[in-house]
Amino acid sequence: MVQTVTDAHPADPIAQRLRDLGFVSGEPVRLVARGPLGGDPLLIQIGSTRFALRKTEAARVDVSVDGVA
Amino acid sequence: MSAASMRIALVGNPNCGKTALFNQLTGGRQKVANYAGVTVERKEGRFIAPSGRTLHVLDLPGAYSFDATSPDEAITRDVCHGRYPGEAAPDLIVCVADATNLRLHLRFVLEVRRLGRPVVLALNMMDAARRRGMVIDVEGLSRRLGVPVVETIAIKRGGAQALIERIDAAIPEIVPTAVDNAGIEQLHAEVRSILAETVTLPRDTAAIDDAIDRWALHPVFGLLILATLMFFIFQAVFSWAQPVMDGIQAGITGLGAWVTGFLPGDSALHSLLNDGVFAGLGAVLVFLPQILILFLFILVLEESGYLPRAAFLLDKMMFRVGLTGRAFIPLLSSFACAIPGIMATRSIQDPRDRLTTILVAPLMTCSARLPVYTLLIAAFIPDRAVWGVFNLQGVVLFALYFAGIFSALGVAFVMKRLRKDKSEHALIMELPSYRLPNVRDIALGLWERALIFLKRVGGIILALTVLLWFLSTFPGAPEGATQPAIDYSIAGRLGRMLEYIFAPIGFNWQICVALVPGLAAREVAVAALGTVYAMSGSDDAVASQLGPLISHQWSLATALSLLAWYVFAPQCMSTLAVIRRETNSWRNVAVAAGYLFGLAYLASFATYQIARALS
Ligand SMILES: Nc1nc2c(ncn2[C@@H]2O[C@H](COP(=O)(O)OP(=O)(O)OP(=O)(O)O)[C@@H](O)[C@H]2O)c(=O)[nH]1
Ligand SMILES: [Mg+2]
């Protein structure tokens, strides 16, 4: 479950895009797969959509772990 | 707005089927493929509605939000806001949403609604939604959104009927609501509430996607599958095409002999047809089967949804050398041709990533290089099995493709080092559902490629070949000349001049002559070699004999050197022109041409000298 998305710097376009894509508080997310090299990028499922995010991008998203997440 | 015509824009998230719908409405043949960011330009078409009105339809690049982060999203934003140069805002926006992906797509629908312009929502991919057992209350959805909603299946004939009827009816009013000024959190809350009320879905994703991805994205098996797939493609291009190529070759030789049989053997027309047209064009035409096999694989991969997965697997590696996983698809398209590849880079948000991708795209082995590679490989590399299963010729071809790929990675890495600005850039890439390619669409796509190739052969390649024949025929040999006539011609002299520059890398004057028209299109070099050798040969060398001929006349070192040259050399004016258009800078063109020529010369020099030293 997403808690919040924090800007890495003021007016961070990547954080803005993540919020547009649905990374907003209370939204359930799931880690589906990891890339072969160093586990990067991450494949995140949100709603019915799968997004590949690099770790640095995913780091902007604070999540709380609950149950099957 | 006149009553007789209306302008409609197709807007929506990437990969929701806008272009498929556009093609369905207008009968167009714009490119449709299963990944985000296929359409990168605004495309126009029109059709006559049942009411007799002419409807102008705009297909736009997909966008996640009007808060654009890439050049293609900016086009969509500007058109919708009526800020696109020389164009008023559309009369009606058809917002397209993938019914299987509403959680994401409805938010953008709300954003489009906010524009306050007439909107119709097309719920596309209803076939896939039903297959997954989704139930959508269309009327409820329409009520909650305040816009008319119709169901469509863009890839089925007649699948846009409901949409056409709705567009043709009165233009819908738009009622402003509270969410129009809401912040992003409220917008998402609204989407959730609408979905809860109107949509039931058994599970979030298709079970089949999850099952395939467990293997396709597996850290070990995923990479293994990718490598096997690529290798299989190159083997297939080389071995499957052979029987058909032999057939075409025999046909051309027979036809040439039959046609020229009616002409006196020493006439100029006989020479033009035999040495120019049949020897030149025939040499290129035989490569049609190989090019089609390559495109068959590319089309199937594009439609399957596998390409973004490959990008996912390779992102980290590409990131290390200064590219991005997103560059994978433009670079893969460059195997067909660098021109669409370079255009596809518009879906890369970061301008630096985009420029790097554009500059290395010409290093990907485009299909026009295939004739050159195949000719040389068939002539110089023995056709035998290695390790029992592989064909040595196929392995060499694979190695040439890899030489291009590795040098692209190397060049990207150097550019990353040179660049001062090291701020972060994003990947954020959507992985679509897998789809079974439609046989009819693939067949049509191949047919189009065949036509394009034949047009090239009949157009630019024919023109240049005939021109080259003239240049190699005139001025004719003086009385009592001992050399073949071509030695006294303009082309012969030019070749001898260029030979000074190219002798250190092992090119003879015939190759030098062929390289010049080869700048217009790479395959022309093969046609030109056919003509030049036919002109200087004592007996008639027709298409089928070019291979055996050069294998006698050239050293292995020369052949390898020419292969190395073709891996790098920017032997294609159109590519340079596209780089100029897409980056809007002559400097980038100069950088690209300069580094490519430099690398080509160095690589050929090294290859030639080493091969000579070893033999
Ligand atoms: N099953 C099904 N597939 C569809 C339908 N409409 C489109 N597709 C497929 O969806 C994929 C994307 O279609 P496009 O028309 O290229 O999508 P687009 O919205 O133009 O994509 P971008 O140009 O990248 O924004 C292709 O693989 C199509 O074959 C549909 O109604 N049903
Ligand atoms: Mg499109």
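Colleague: Which residue stands opposite B:A9 in β3(B)?

Modeller: B:L58 stands opposite B:A9. This is a predicted model, in which local features need pLDDT of at least 70 and side-chain atom pairs count only at pLDDT 80 or more, while totals for chains, interfaces and linings use all residues. Residues are numbered from 1 along each chain as its sequence is written, chains are lettered from A and ligands numbered from 1 in the order in which they are written, and side-chain values use heavy atoms, with hydrogens and water left out.

Colleague: In what sense do β1(B) and β3(B) pair?

Modeller: They pair in the parallel sense, over 6 bridges. Pairing requires that DSSP finds at least two bridges between two strands. Strands (E, at least two residues) and helices (H or I, at least four) are DSSP runs, numbered from the N terminus.

Colleague: And how many bridges join β1(B) to β4(B)?

Modeller: There are 5 bridges, in the parallel sense. Within this pair, B:I8 stands opposite B:L92 of β4(B).

Colleague: Is β1(B) enclosed or open, and why?

Modeller: β1(B) is largely enclosed by the rest of the structure, because 6 of its 8 residues are buried. Buried means under 20% relative accessible area, exposed over 50%, and partly exposed in between (1.4 Å probe, protein chains only).

Colleague: What is the strand order of the sheet?

Modeller: The open sheet of 6 strands in chain B runs β2-β3-β1-β4-β5-β7, with mixed pairing. β2 (43–48) and β7 (149–151) of chain B each have a single partner strand, so one side of each edge strand is left without a neighbour in the sheet. On average, neighbouring strands of this sheet are turned by 25 degrees against each other, direction ignored.

Colleague: Which helix packs on the sheet and touches β1, β4 and β5 of chain B?

Modeller: That is helix α3 (residues 102–113) of chain B, whose direction makes about 165 degrees with that of β4(B). Axes are lines fitted to C-alpha atoms, for helices over the stretch in contact, and angles run from 0 to 180 degrees between N-to-C directions. Contact means heavy atoms within 4.5 Å. Helix α6 (residues 161–168) of chain B lies across β1, β2, β3, β4, β5 and β7 of chain B, at about 150 degrees to β7(B).

Colleague: Changing topic, what coordinates the magnesium ion (ligand 2)?

Modeller: B:T19 and B:T39 do, each through OG1, at 1.9 Å. B:T19 lies in helix α1 (residues 18–26) of chain B and B:T39 in the loop between α1 and β2 of chain B, so the pair ties together parts that are 20 residues apart in sequence. Donors are N, O and S atoms within 2.8 Å of the metal (3.2 Å for Na, K and Ca); water is not among the atoms, so sites may look incomplete.

Colleague: Are the two threonines, B:T19 and B:T39, buried or exposed?

Modeller: B:T19 is buried, at 7% relative accessible area, and B:T39 is buried, at 13%.

Colleague: What about the interface: how many residues does each chain give to the contact?

Modeller: Chain B gives 45 residues and chain A gives 33. The area buried between them is about 3400 Å², with carbon and sulfur atoms giving 55%. Buried area is the accessible area (1.4 Å probe) that two parts lose on being put together, summed over both.

Colleague: How many salt bridges are there between chain B and chain A?

Modeller: The count is 7, where a salt bridge is a side-chain nitrogen of Lys or Arg within 4 Å of a carboxyl oxygen of Asp or Glu. One salt bridge is formed by B:D315 with A:R54, their closest N and O atoms being 2.8 Å apart.
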